[in-house]
Amino acid sequence: SLILNSRYQEEAFLILSSFMREGIDVIPLKSFFLAEKLYQNIAARGISVDLDFLIKEKDRVKAKAALENIGYKRSPIVEPNALEWADSYFKEKFPLVDLHWDITMGGRNTGRIEGLWSGTQLLDRNGVVYYEFMPEELLLYLTTNLSNSITSRQLRYLCDILRMISITKDSIDWERLLAKMK
């Protein structure tokens with residue numbers, strides 16, 4: 001799991017670098033990014049079956065071109081346009097890449113996404129620049145992800161939430177979190 005996740009991590013940083021060159025703001029979601037943040041071990045959540053990134057909807061065309069430039073192809077759309085919230089891309093021998101511009105299917109809410117983006121911080125990892133959620137926004141994302149997940153993955157997502165609270169409980173601004181939840 002560690003070797004495979006390391007290979008996928010290299011691919012994820014190639015994707016992030018491509019987005020950076022195109023001026024696309026991006027937040028990696030779940031996978032080994034979350035495992036590293038919560039557990040300090042990229043293999044702690046198992047092997048990533050896909051790589052999820054949150055982008056701004058206005059950057060969909062640029063992101064598609066950036067992915068195609070490094071060998072990805074767009075998967076056929078399987079949802080009606082009204083429910084679209086992500087595009088999927090594939091490349092042989094790598095996990096699927098899901099580009100999200102919302103965090104839930106249907107019920108699009110621009111304020112929710114702008115609120116999440118406003119609670120981010122910029123990271124620079126060896127010259128690769130991307131965003132990550134502040135603790136309150138990460139907790140909001142994780143709870144939303146839990147409520148949207150299929151039953152077989154709920155335990156892992158619940159463990160992520162519990163771990164997040166245990167390592168950040170003293171730094172979470174609970175009043176800010178409650179205000180954002182509303």
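Helices here are DSSP runs of H or I with at least four residues, strands are runs of E with at least two, and both are numbered from the N terminus. The structure is a predicted model, in which local features need pLDDT of at least 70 and side-chain atom pairs count only at pLDDT 80 or more, while totals for chains, interfaces and linings use all residues. Residues are numbered from 1 along each chain as its sequence is written, and side-chain values use heavy atoms, with hydrogens and water left out.

Helix α2 itself spans residues 31–39, and its buried residues include F32, F33, L34, A35 and L38. Buried means under 20% relative accessible area, with a 1.4 Å probe and protein chains only. S31, also in α2, counts as buried because its relative accessibility is 8%. The C-alpha atom of S31 is separated by 9.6 Å from that of A44, 13 residues apart along the chain.

Stepping back to the whole protein chain, there are 7 helices and 7 strands. Their order along the sequence is α-β-α-β-α-β-β-β-α-β-β-α-α-α. Of the 182 residues, 45% count as buried. The accessible surface, from the Shrake-Rupley method with a 1.4 Å probe, comes to about 9600 Å², and 56% of this belongs to carbon and sulfur atoms. Contact means heavy atoms within 4.5 Å. Among contacts between residues at least 6 apart in sequence, 61% join residues at least 24 apart.

Further along, helix α5 (residues 135–148) packs against helix α6 (residues 154–168) at an angle of about 160°, with the axes 9 Å apart. Axes are lines fitted to C-alpha atoms over the stretch in contact, and angles run from 0 to 180 degrees between N-to-C directions. This angle makes α5 roughly antiparallel to α6, a label for angles over 145 degrees. On the α5 side, the residues that meet α6 include P135, L138, L139 and L142; among their partners in α6 are Y157, L158, I161 and M164. By class, this contact has 10 nonpolar, 4 polar and 1 charged residues. Nonpolar covers Ala, Val, Leu, Ile, Met, Phe, Trp, Tyr, Cys and Pro; charged covers Asp, Glu, Lys and Arg; the others, Gly among them, are polar.

Helix α5 also holds E137, which counts as buried because its relative accessibility is 0%. Leaving aside neighbours within four places in sequence, E137 is in contact with G115, L116, G119, R176 and K180.

Technical notes
Buried < 20%, exposed > 50% of the residue type's maximum accessible area, 1.4 Å probe, protein only. Parallel < 35°, antiparallel > 145°, perpendicular 65-115°, else oblique.
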